[in-house]
Amino acid sequence: MGMLEAILITIATAATPLLIAAVGELVVERSGVLNLGVEGMMVMGAVTGFAAALATGSPWLGFLAAIVVGALFSLLFAFLTLTLVTNQVATGLALTLLGLGLSGMLGEGFVGFPGVKLANVYIPVLTDIPLVGKLFFGQDPIFYLSILLTAGVAYFLFRTRAGLTLRSVGDNHASAHALGINVVLIRYLAVMFGGACAGLAGGYLSIVYTPQWVENMTAGRGWIALALVVFASWRPWRVLAGAYLFGAVTIGQLHAQALGIGVPSQLLSSLPYLATIVVLVLISRNRRLTMVNTPASLGRPFVPDR
Amino acid sequence: MKKTILSIAAAAAVLSFGTMAAEAKTKACFIYVGPIGDFGWSYQHHQGVLQAEKELGDQLETAYLESVPEGADAERAIERFARSGCNIIFTTSFGYMDATNKVAGKFPDVKFEHATGYKREHPNVSTYNSKFHEGRYVQGVIAAKMSKAGVAGYIASFPIPEVVLGINAFMLGAQSVNPDFKVKVVWANTWFDPGKEADAAKALIDQGADIITQHTDSTAPMQVAAERGIKAFGQASDMIAFGKDTQLTSIVDDWGPYYIHQIKSVIDGTWKQQDVWDGMKEGNVVMAPYTNMPDDVKKLAEETEAKIKSGEFNPYTGPITKQDGTEWLKAGEVADNGTLLGLNFYVKGVDDKLPQ
């Protein structure tokens with residue numbers, strides 16, 4: 001395996017969890033709900049995914065558990081913010097804190113065990129193509145899923161009627177309500193989709209990325225995913241670009257250090273954040289386009305008048 | 001943003017400790033930089049606390065805060081502990097140094113013990129540390145024997161003396177076997193981020209390192225090394241479960257005896273300010289079993305360990321040349337502890353520019 005190919009594969013692994021969580025959150029925010037609990041849902045997905053995979057021996061059941069728990073955990077957020085109309089920012093933060101604490105408690109008995117690893121895809125002939133074979137045809141199945149997910153969400157949001165309805169709820173919930181759209185139901189579904197994605201992203205960390213469970217293993221990735229959604233101005237393919245850019249600079253700076261190029265490592269470590277912000281600000285500098293993409297009702301409480 | 005959330009977590013955790021005062025008991029409180037489930041640094045400190053609880057039973061009450069960020073938030077956490085009736089507070093990471101001393105000034109009746117630092121600005125502050133670098137020297141010897149490429153990859157956390165001390169000791173140990181041995185260093189700029197540590201390990205392996213060692217706290221690098229079929233050293237705890245055919249040995253931190261001793265001295269009223277720097281000799285630094293290596297390497301490792309343990313040999317014995325080629329220690333000269341605890345330069349051969 002050549003070095004370039006190895007680097008590219010490492011980048012894909014680093015970007016995949018960010019992409020999955022961010023695409024999920026994008027759908028949530030497009031429906032007008034701001035869920036700051038991504039980190040909490042992700043870490044819950046990581047612990048249950050790991051536990052389920054270890055208990056059953058099947059990474060796929062692990063992923064399934066991660067998705068289900070992520071969605072259930074987000075349901076708590078949905079109930080509080082959509083039915084009881086609590087403050088979304090505070091509730092989201094609480095969800096993150098709860099997730100970090102609860103996962104630590106639940107996972108206590110799973111620390112110190114190596115996990116079940118998911119085998120990479122292998123397609124005879126194609127995977128063996130030099131240079132690009134492993135990159136395009138030999139990665140873990142979730143990597144392909146993440147690309148499909150991005151494409152699916154992009155198609156759903158901008159090419160289907162249901163997607164249009166979801167966006168209308170996010171842009172002006174009062175009008176959507178007046179048109180007879182069930183705003184709360186749509187938001188419930190969107191939040192749960194986001195939770196499922198965050199759970200899957202967490203499961204990716206504990207099953208594929210580093211097959212083990214340790215407390216706080218998400219290490220802030222949920223927050224990065226949240227930031228990517230905003231900087232990508234709520235466009236799925238830009239989220240993908242942002243996630244890969246972030247991954248590329250993260251891995252690139254590690255290689256730069258290993259080469260010993262002599263740039264201070266503190267500066268190199270901050271590069272992924274700087275580069276991602278700069279590039280995404282540049283691509284979204286068209287103010288009018290950004291305004292169009294920003295869900296106008298984002299974070300605003302909705303109480304249907306009866 | 002991660003910092004914000006951690007600080008909120010810390011604040012929330014602090015709030016949950018409010019009323020826990022039992023008069024007769026001595027209360028020992030601990031601040032950890034990572035989660036106790038990291039299976040590395042903080043985990044080992046907590047194991048020490050559990051030992052103390054077992055040993056001292058009813059006399060002792062303990063409390064801890066985990067994942068407390070280094071910096072301003074630490075000060076709040078420590079102060080909260082001091083107010084909540086702790087008799088002795090252990091702050092177990094280098095970055096708590098200034099916060100510990102600041103709070104200690106305000107609470108002269110509470111004893112403070114800061115791990116791995118060097119500032120004792122008030123009579124109620126002690127510092128304690130272990131000579132992990134003694135273990136890293138042994139690892140360097142093993143690495144140079146085991147590596148085919150002659151290149152080891154070193155995942156470092158932050159450019160503080162303790163870490164630099166480890167890198168140099170590893171290098172010196174390796175050079176004692178192979179003068180041309182190379183160490184590549186990657187700074188993760190975190191103590192704990194399994195994903196990033198794994199990525200750092202991959203980067204080092206992709207660039208030719210065939211031995212991985214780490215000064216960060218998770219088991220992820222060990223797993224990467226296992227996956228790539230090379231050898232690695234564990235950190236802080238025995239990580240053999242993550243690399244059955246991979247781990248050569250691990251430096252295991254055993255804090256239990258020290259914690260028991262210090263808490264006892266508070267109970268007896270004999271606690272005194274001190275600066276403790278124990279190592280293999282005192283049993284603070286323990287090597288996990290030597291595995292996955294031929295017998296001759298194992299024998300050499302054991303001999304090296306025995307020599308350090310008996311005090312016959314100090315890894316920082318001259319002649320040692322600095323990275324820039326100037327002489328640091330003459331032949332036979334041994335570095336004094338003060339210099340070592342503030343070490344801010346590499347020895348010759350380290351393939352990295354030390355971030356200042």
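## Terms and model

Two residues count as in contact if their C-beta atoms, placed from the backbone, lie within 7 Å. The structure described here is a predicted model.

## The sheet of chain B

Chain B holds an open sheet of six strands, in the order β2-β1-β3-β4-β5-β11, with parallel pairing. Its edge strands are β2 (60–65) and β11 (275–278) of chain B, each of which pairs on one side only. On average, neighbouring strands of this sheet are turned by 15° against each other, direction ignored. In general, the strands of a sheet pair through backbone hydrogen bonds, either parallel or antiparallel.

One pairing within chain B can be followed in detail. Strand β3 (residues 88–91) of chain B runs parallel to strand β4 (residues 111–115) of chain B, and four bridges join them. B:I88 has B:K111 in β4(B) as its bridge partner.

## Helices across the strands

Which strands does α2(B) lie across? Helix α2(B) lies across β1 (26–31) and β2 of chain B, and runs at about 165° to β2(B).

Helix α9 (residues 256–268) of chain B lies across β1, β2, β3, β4 and β5 (125–130) of chain B. The direction of helix α9 of chain B is at about 140° to β1(B).

## Two domains in chain B

The domain assignment divides chain B into domain 1 (2–12 + 21–130) and domain 2 (133–252 + 285–351). Taken over C-alpha atoms, the centres of domain 1 of chain B and domain 2 of chain B are 28 Å apart.

Where the two meet, twelve residues of domain 1 of chain B are in contact with 13 residues of domain 2 of chain B. On the domain 1 side, helix α2 (residues 41–56) of chain B gives the most, with three residues. The residues of the side of domain 1 of chain B that touches domain 2 of chain B comprise six nonpolar, five polar and one charged.

## Chain A

Chain A has 13 helices and zero strands. The radius of gyration of chain A is 20 Å, close to the 19 Å given by the globule rule for 306 residues, so chain A is as compact as a globular protein of that length. Along the principal axes, the C-alpha atoms of chain A fill a box of roughly 65 × 45 × 40 Å.

How many of the residues of chain A count as buried? Of its 306 residues, 53% count as buried. Among the contacts in chain A with a separation of 6 or more, 79% are between residues 24 or more positions apart.

How values were computed:
Residues numbered from 1 in each chain as written. Chains lettered and ligands numbered in written order. Predicted model: local features only at pLDDT ≥ 70, side-chain atom pairs only at ≥ 80, totals over all residues. Domains from an automatic or database assignment. Helix = DSSP H or I, 4+ residues; strand = E, 2+ residues; numbered from the N terminus. Nonpolar A, V, L, I, M, F, W, Y, C, P; charged D, E, K, R; others polar. Pairing = 2+ DSSP bridges. Axes fitted to C-alpha atoms, helices over the stretch in contact; angles between N-to-C directions. Rg over C-alpha atoms; globule rule 2.2 N^0.38 Å. Buried ≥ 20, exposed ≤ 12 C-beta atoms within 10 Å, placed from the backbone.
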